[in-house]
Amino acid sequence: MRKIMVDLQLCMGCNSCEIACAVQHSQSGDLFEALKEPVLPGYRLRVRASYGMPFPLRCEQCEDAPCIDACKSGAMARDPETASVQIDEDKCVGGWMCVMVCPFGAVFPDMERGKAVKCDLCRGHERPACVDACPTKALSYVEPDEFAARYMRAEAAKTSTEAE
Ligand code: SF4
């Protein structure tokens with residue numbers, strides 16, 4: 001399945017991905033209108049820093065997802081069509097077990113609404129909004145194997161340029 005992959009060498013920590021995510025998940029779908037909504041839209045990926053380097057935290061869509069096992073209300077489940085991990089907000093009771101067990105810290109509690117939120121890959125849209133919003137192309141929506149091959153090709157090209 002396609003996932004949101006990150007090239008950390010390209011991330012400059014501008015937070016454009018967070019904003020695009022929040023706007024995509026707002027009621028209006030518009031940045032300025034979203035700021036007037038009674039409940040501000042939450043973003044489903046977060047840019048954090050690790051050793052001074054920006055790091056976009058987003059759901060890894062684990063094959064063996066601990067959040068699905070931990071959710072006793074059945075709200076967290078695998079989408080049979082895309083194989084992505086999705087939350088049914090109507091079923092979420094805000095127990096935060098998914099938040100606690102996610103090894104990547106990629107499930108967030110929305111305290112205002114009492115619902116867990118995570119990346120849904122912008123379900124219903126062709127591509128996740130964060131990917132299109134990233135000015136440096138640090139984010140891509142691809143199969144992990146394709147991402148790895150592209151990364152290896154780029155590294156090989158860099159090495160051959162340096163050797164010349
Ligand atoms: S938009 Fe791209 S460069 Fe900016 S913080 Fe997000 S991943 Fe990093």
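Leu-121 is buried, because 25 other C-beta atoms lie within 10 Å; a residue counts as buried with 20 or more other C-beta atoms within 10 Å of its own, exposed with 12 or fewer, and partly exposed in between, with C-beta atoms placed from the backbone. Leu-121 sits in the loop between β7 and α5. Its phi is positive, near 60°, although Leu-121 is not a glycine. The model is predicted: local features need pLDDT of at least 70, side-chain atom pairs count only at pLDDT 80 or more, and totals for chains, interfaces and linings use all residues. Residue numbers start from 1 along each chain as its sequence is written.

**Loop residues**

- Gln-61 lies in the loop between β3 and α3 (66-70).
- Gln-61 is another non-glycine residue with positive phi, here about 50°.
- Gln-61 is buried, because 22 other C-beta atoms lie within 10 Å.
- Ser-84 belongs to the loop between β4 (76-78) and β5 (85-87).
- Ser-84 is partly exposed, because 17 other C-beta atoms lie within 10 Å.
- Leaving out residues up to four places away in sequence, Ser-84 touches Met-1, Gln-61, Asp-79 and Leu-121; contact requires C-beta atoms, placed from the backbone, within 7 Å.
- Ser-84 and Val-131 are 47 residues apart in sequence, and their C-alpha atoms are 17 Å apart.

**Overall fold**

- The protein chain has six helices and eight strands; these are DSSP runs numbered from the N terminus, with helices being H or I of at least four residues and strands E of at least two.
- Along the sequence the pattern reads β-α-α-β-β-α-β-β-α-β-β-α-β-α.
- The radius of gyration of the protein chain is 17 Å, close to the 15 Å that the globule rule gives for 164 residues, so the chain is as compact as a globular protein of that length. This radius is taken over C-alpha atoms, and the rule is 2.2 Å times the number of residues to the power 0.38.
- Along the principal axes, the C-alpha atoms fill a box of roughly 60 × 40 × 35 Å.
- Of the 164 residues in the protein chain, 26% are buried.
- Among contacts between residues at least 6 apart in sequence, 55% join residues at least 24 apart.

**Core and α1**

- The largest nonpolar core holds 34 residues, and Cys-21, Cys-67 and Cys-130 have the most contacts inside it. Such a core is a set of buried Ala, Val, Leu, Ile, Met, Phe, Trp, Tyr and Cys residues joined through C-beta atoms within 7 Å.
- Two or more residues of this core come from each of β1 (3-6), α1, β5, β6, β7 and α5.
- With five residues, α1 gives the most to this core.
- Buried residues of α1 are Cys-17, Ala-20, Cys-21, Ala-22, Val-23 and Gln-24.
- They pack against α2 (31-34), β2 (46-50), β3, α5 (129-133) and β8 (139-142).
- Beyond its neighbours within four places in sequence, Cys-67 contacts Met-76, Val-85, Cys-98, Val-101, Cys-102 and Val-107.

**Hairpin**

- Strands β6 (residues 107-110) and β7 (residues 115-118) run antiparallel and are joined by four bridges; strands pair if DSSP finds at least two bridges between them.
- Pro-109 stands opposite Ala-116 in β7.
- Four residues separate the strands of this hairpin, and Gly-114 has a positive phi near 70°.

Key. Contact = placed C-beta atoms within 7 Å.
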